[in-house]
Amino acid sequence: GERLEMGEPLLELAHLAELRAELAVDEGRIADVTVGQRGELASATYPGRRLPFEVEWIHPVAEVKDNRNVYRVRVRLLERPDWLRPGMEGVGKIEVEQRGLVRIWSQDLIDWLRMKLWL
């Protein structure tokens, strides 16, 4: 019963076997991401079910999303459950190398100082 404007699509079809996911990675963290890294994706619909993925492609240009610069990172899902559908949203976590707690906690401060001091 919803009215559509001229040119709006009535429906969209997607081939589920080719389903991919896209992550929005903050520009301050994109240097930690490389093709081939693995991680997990939790959808908002089923947050307790984690889907493993592998980074497939990193878009070379940042985009503005919610007033912050992010890079689009396309990932290949290693499992495809039957409940997964196009348009679903969630949270993804990418595995990076081991780091000490001091480095993790101070990373934002170090990045801010580098920008201010041009180092």
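A hairpin of 6 residues takes the chain from strand 2 to strand 3, where strands are DSSP runs of E, at least two residues long, numbered from the N terminus. This is a predicted model, so to speak a calculated picture, in which local features need pLDDT of at least 70 and side-chain atom pairs count only at pLDDT 80 or more, while totals for chains, interfaces and linings use all residues. Residues are numbered from 1 along each chain as its sequence is written, and side-chain values use heavy atoms, with hydrogens and water left out.

Now for the rings. Those of Phe, Tyr and Trp (its six-membered ring) pair if their centres lie within 6.5 Å, and planes under 30 degrees apart are stacked, over 60 edge-to-face, and the rest tilted. The count comes to 1 aromatic pair. Y46 and W83 make up this tilted pair, at 4.5 Å centre to centre with 55° between the planes. The two partners come from distant parts of the chain, 37 residues apart: Y46 lies in the loop between strand 2 and strand 3, and W83 in the loop between strand 5 and strand 6 (90–94).

How accessible are the two? Y46 is partly exposed at 30% relative accessible area, whereas W83 is buried at 14%. Buried means under 20%, exposed over 50% and partly exposed in between, using a 1.4 Å probe and protein chains only.

Terms used:
Two strands pair if DSSP finds at least two bridges between them. Helices (H or I, at least four residues) and strands (E, at least two) are DSSP runs, numbered from the N terminus.
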